[in-house]
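User: I've got a protein model to go through. Please take it step by step with me.

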Amino acid sequence: MPFIIISAIVAILVAILALQNSMMVDLTLFMWSFRLNLVLVVLISVICGLLLGVAWGLLVKTKGMWRMRKLNEQIALLEDDKRVLRDKVEQLMKAQGGVMDVNDTSTTPTAAPTAAAPAADAAVKK
């Protein structure tokens, strides 16, 4: 809403400026030279500025949207990888006879004690 109010005020100021300066002016662009009303010069300049501003805004917004889209795709891939790895950990824990809470955020899974554990420790010490 403030943008619309500011735009309206600028448009009114440009219109007042153009109406008060309605004399003819000589314009030269490269090798062309022509005579044009100052009102038209001001209005053409304002319209060109608005078009450049809109084009720049669209470019920035489009880049932001593409970046957001890429990041969302990466998040989806990482979540899939996380799910696959969680399933693998769960399968490994079941294969070892351990118990692990899948929703646990700790990094060390807890394994249930087994009878083979002391024998394995003794074999490692020898």
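**Salt bridges and surface**

Analyst: Let's begin at Lys-94, which counts as exposed because its relative accessibility is 62%. Exposed means over 50% relative accessible area, buried under 20%, and partly exposed in between (1.4 Å probe, protein chains only).

User: Where do these values come from?

Analyst: The model is predicted, so local features need pLDDT of at least 70 and side-chain atom pairs 80 or more, while totals for chains, interfaces and linings use all residues. Residues are numbered from 1 along each chain as its sequence is written, and side-chain values use heavy atoms, without hydrogens or water.

User: Back to Lys-94, then. Which residue does Lys-94 form a salt bridge with?

Analyst: Its partner is Glu-90. The closest N and O atoms of this pair are 3.6 Å apart. A salt bridge here is a side-chain nitrogen of Lys or Arg within 4 Å of a carboxyl oxygen of Asp or Glu.

User: How are Lys-94 and Glu-90 placed in helix α2?

Analyst: About one helical turn separates them, because they are four residues apart in α2. Helices (H or I, at least four residues) and strands (E, at least two) are DSSP runs, numbered from the N terminus.

User: And Glu-90, what is its relative accessible area?

Analyst: The value for Glu-90 is 28%, so this residue is partly exposed.

User: How many salt bridges does the whole structure have?

Analyst: Searching the whole structure gives two. One of them joins Arg-35 and Asp-26. There the closest N and O atoms lie 3.0 Å apart.

User: Are Arg-35 and Asp-26 buried or exposed?

Analyst: Both Arg-35 and Asp-26 are exposed.

User: New topic. What is the overall layout?

Analyst: The protein has three helices and two strands. Going along the sequence, the order is α-β-β-α-α.

User: What sits between β1 and β2?

Analyst: A loop, and Phe-30 is found in that loop. Strand β1 covers 24-29, and β2 covers 32-37.

User: What is the phi of Phe-30?

Analyst: Phe-30 has a positive phi of about 55 degrees, and it is not a glycine.

User: Why point that out?

Analyst: Most residues other than glycine have a negative phi.

User: Is Phe-30 buried or exposed?

Analyst: Phe-30 is exposed, because its relative accessibility is 73%.

User: There's also Phe-34. Where is Phe-34?

Analyst: Phe-34 lies in strand β2. Its relative accessibility is 38%, so Phe-34 counts as partly exposed.

User: Which residues is Phe-34 in contact with?

Analyst: Apart from neighbours within four places in sequence, Phe-34 touches Val-25, Asp-26 and Leu-27. Contact means heavy atoms within 4.5 Å. Asp-26 is also the salt-bridge partner of Arg-35.

User: Now the inside. How many residues make up the largest nonpolar core?

Analyst: Five: Val-14, Val-25, Leu-38, Val-41 and Val-42. Helix α2 supplies the largest share of this core, three residues. A nonpolar core is a set of buried Ala, Val, Leu, Ile, Met, Phe, Trp, Tyr and Cys residues joined through side-chain atoms within 4.5 Å.

User: Pick Val-14. What is Val-14 in contact with?

Analyst: Neighbours within four places in sequence are left aside here. Val-14 is then in contact with Val-42, Leu-43 and Val-46.

User: What percentage of the residues in the protein are buried?

Analyst: Buried residues come to 7% of the 126 in the protein.

User: Last one. What share of contacts with a separation of 6 or more joins residues 24 or more positions apart?

Analyst: That share is 9% in this protein.
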